[in-house]
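Here's a quick briefing to read alongside the structure. Let's start with some strands and then move on to the cores.

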Amino acid sequence: DGLADSEKVKSNNIDVKIPESELEAEEKGAEEECPRESNSNILDISSDYPRDKHISIQRHLADLEKLANLTEDERKPCPLCPEEKFRACFGYKLHRHLQNLHWKVSVEFEGYRMCICHLSCQPVKPNLAGDQTLSKMGAHYHCVICSATIARRTDMIGHINRHVNKGESESRFISVGAPKSSCKVVKESATDVQVLPNHSTPQKTDSYFNPKMKLNRQLIFCALAVLAGERKPIECLDAFGATGIMGLQWAKHLRSSVKVTINDCNENSVTMIKENCHLNKMKVKLNIREEDNDETVGNGEENSDTIEVTKMDANVVMHLRSFDFIHLDPFGTSVNYLDSAFRNVRNLGIVSLTSTDLGSLYAKAQHVALRHYGCNIVRTEYYRELAARTVIAAVTRAAARCNKGIEVLLAVALEHFVLVVVRVLRGATAADNSAKKVRYLIHCQWCEERVFQKEGSMVEENPYQQLPCDCYGSMPGKTAVLLGPLWSGALFNTGFLRRMLLEAVQYGLDEAQSLLKTLVCEAECTTPKHFSTHGSGDENKQEECGVFIKTPNASAESYLVHGKRKSEELLRSAAKRPRPEHSAEHPPFYYNIHRHSIKGMNMPKLNKFLSCLSEAGYRVSRTHFDPMGVRTNAPLAQFKTVLMEYSTPTYVGAQAEGPVLLPGDIHVGEEAPAATAIRVEEAELAEDDEPGVASTVSTQSYPTRCAAD
C-alpha cells in the first residue's frame, strides 16, 4: 500500500519520469517491468492518472544520461539499444552516442523529447499456448500521449498532430471526457460560450468555434432582426449549432420576437449547447428524437428565455417542422441540405447558408464544383462573385423543385466563407421566374470580357458574337469558355440592406456596419460620397419581391398579409406597378483595376478613377468582393480607355513633363507633386533669365503630352 501511494503521488507530477532510485538500483529488464506494475496499481486506484512514460521520453539530455549512469572509468551499455546493436563502452563514447543517435532525432512535444528507441518493446500476438513474446522490431518512437510505437519520425510527428487536433494532451489522454477545467469561456456580442482547447479545428472537435466568422454571425443576426420586425414571433433554426453561439445571440438580443431552435447531431455538442444556455441564464427545452418525453431545464419563468435544443440530423429536423428562418452552416458545402430547407420553409421566409468549401467555389478544385454544384467554372478576376452566383444557382434549382422561387437579399464572398441570404416566394410562377435567371456565361480568356448568354433555346451559329470584344477574330483558336449555369439576377436588395444597416447600428455591430455601407453603395452602384442613410422615394414603403414590406413608420396597409391567397393578390397587383428607379439592378461582375493596368504607367487613385468614370456617364461603384475591383456598366474597352487617359508614365524622362492628362481633365484630380514642383522651378528660372519666356515654358508640356498620346 505504501509503495502504491508513493507511486501515485509521483505519477501526479507531470515532470516526474521513472524514479531515479529504481533506475540506479535495478537493471534494464527490471526498468521495463516496473512501469507496467506501477501502471496497473495506479489504474486500479483511479483511471484519471496518466501512465508512466517510457524511458525514451525525457525532458533534457542530462536525464537521458542519468539512465545510463555514465562513468569514465567503467563501460556502460546504452539504455535504449540492445547489447547486440551497441556494446558497452566508456562514458565519453556513450555520451556522443546518446546525443547524436537518440537525442538529435527526437520528436518534441510540450517540453518532452521522444527519443528513438531500438529495444524490443512491442509484443506480438499470443501463440497457441497463450504466451506473448517480444518481437524484434527496428528503431521506433513511443508516443507520450497514448504509448503507441511509431517507426518513422515523420509518422510520429503526424501522430502527435492528430492528438493535438483532437484536443488530447499527455495530462488527460486516459480519461474519456474532457475535464471542465480544459474548457475556456469566449465572449462575443455579450454572449458567453464554453469551447474546448481545439475549438478552431473543424471535424476534429465537437464544439467548433471560429472567431474569424464573427462578421458572418453579425450579418445573419441583422437579417433575422429585419425579419423579426416584419412579423412576430418567428420560428428560427440553427441547423448546425456546434457551441450554440449563434442561436444564443438570437435569443438573447431579440427575446420574445423569436423562438430559437438549436440542432446538432453530435451528443457532445448538444451537451455543450445546454451548458452554454445555462451559462447565459437561458432555459433549455430538450426535444431529442430518441427520448419520448420533453424536459425543461432552467430557473427562468418567461417563455422568451427558452431555447429548444434538438439532437437530430439537420435534414430530419427541417422535414418534420416548418420554420420562418433557417440558417445552414455545415462543414463544407450546403447542397446536401437545400431540398430539406425549402421543403417546409414558410412563405416569405428567409433561408441563409454559409459555404466554406472555398477550394471548389474559388475554382481551385473545378471537378469538385462540377460534382457538388453541377457548374463549370474557371479561375477569373471576378472569381468571388462567380462563387456567389454558383451557390445561388444551386439554391434556385433546389427551391424550384419545391415549386418555390427566391429573391436574393444578400450575397457576400470573403476570405473565409460565402454567405447567401434569400427570401422564399411560394408558387410555380415565382419558381419559373427564378429559374429563368439561371443562365450560362461566355467568358473571354484573353481580355477577361464576359456576358451572359441570351435567353432562348435556339442554337446560335457563332456564340462569340455576343461578346463585346473582337478577340475571336484577332486571336488564333478558341478564345472563350462557357461557364455555368450561374445566377444572372441581382445579388443585393437595397431596401433590405438599409434595414440591416439600421439593425447593425441599433445593436452596435461595428464590423457589420462598414460592410453593409459598402453593400448598399454596391447595390445602388454609387460611390461612398453619394451614400445616404435614407434611400430615395418613400421611406416608409420599401418594395421587396414585388411586395411592400412594412417599416417602423409604415401604415397598416403596407403590413405583410399572411396567407396564400392574399399574398398572391399582392404579387399580381405589385407586378403591374412599375418598379421605383432606385431598384434598378446593379451591373453584373466587376473589373480589377490592377488586372487591366498598362505596363510602364502608374495607375490613378481608385477614388479618382471612379469619379472620372462616373463623369463619363457610366454607373460605377466599389465592390466588397475585391478591394481593387470596380463595378460598372462601362464596356471593357471604354474602361481601359479611361484608365489609360488618367495614368502617368513611370519612366524618369516623362516625369519632368507631368502626368498624361488632357487639358480638360485637370479639374478632376490633382497633378503629381513631383511634376508640379518641376514646372514651378522651370517657370522661376525662366522669369529670372528672360521675362517673356515664362509663359512658353509653363505651357510647353501640353503639346508634348498630346504628341505622346
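- Strands β24 and β25 (residues 629-632) run antiparallel and are joined by three bridges; strands here are DSSP E runs of at least two residues, numbered from the N terminus, and two of them pair if DSSP finds at least two bridges between them.
- Look across from S621 and you'll find its bridge partner in β25, R631.
- The open sheet has three strands in the order β22-β25-β24, with antiparallel pairing.
- Its edges are β22 (591-592) and β24 (620-622), each pairing on one side only.

**About the model**
- This is a predicted model, where local features need pLDDT of at least 70 and side-chain atom pairs count only at pLDDT 80 or more, while totals for chains, interfaces and linings use all residues.
- Residues are numbered from 1 along each chain as its sequence is written, and side-chain values use heavy atoms, with hydrogens and water left out.

**A hairpin**
- β6 (residues 184-188) and β7 (residues 191-195) are antiparallel, with five bridges joining them.
- V186 sits opposite V193 in β7.
- Two residues lie between β6 and β7 in this hairpin, and S189 in the turn has a positive phi of about 55°.

**The cores**
- The largest nonpolar core has 113 residues, with F342 and M500 making the most contacts inside it; such a core is a set of buried (under 20% relative accessible area, 1.4 Å probe, protein chains only) Ala, Val, Leu, Ile, Met, Phe, Trp, Tyr and Cys residues joined through side-chain atoms within 4.5 Å.
- Domain 2 (187-288 + 304-488) and domain 3 (495-524) both give residues to this core, so it lies between them; the domain bounds come from an automatic or database assignment.
- A second, separate core of 21 residues includes I442, L606, V620 and L636.

Terms used: Helices (H or I, at least four residues) and strands (E, at least two) are DSSP runs, numbered from the N terminus. Buried means under 20% relative accessible area, exposed over 50%, partly exposed in between (1.4 Å probe, protein chains only).
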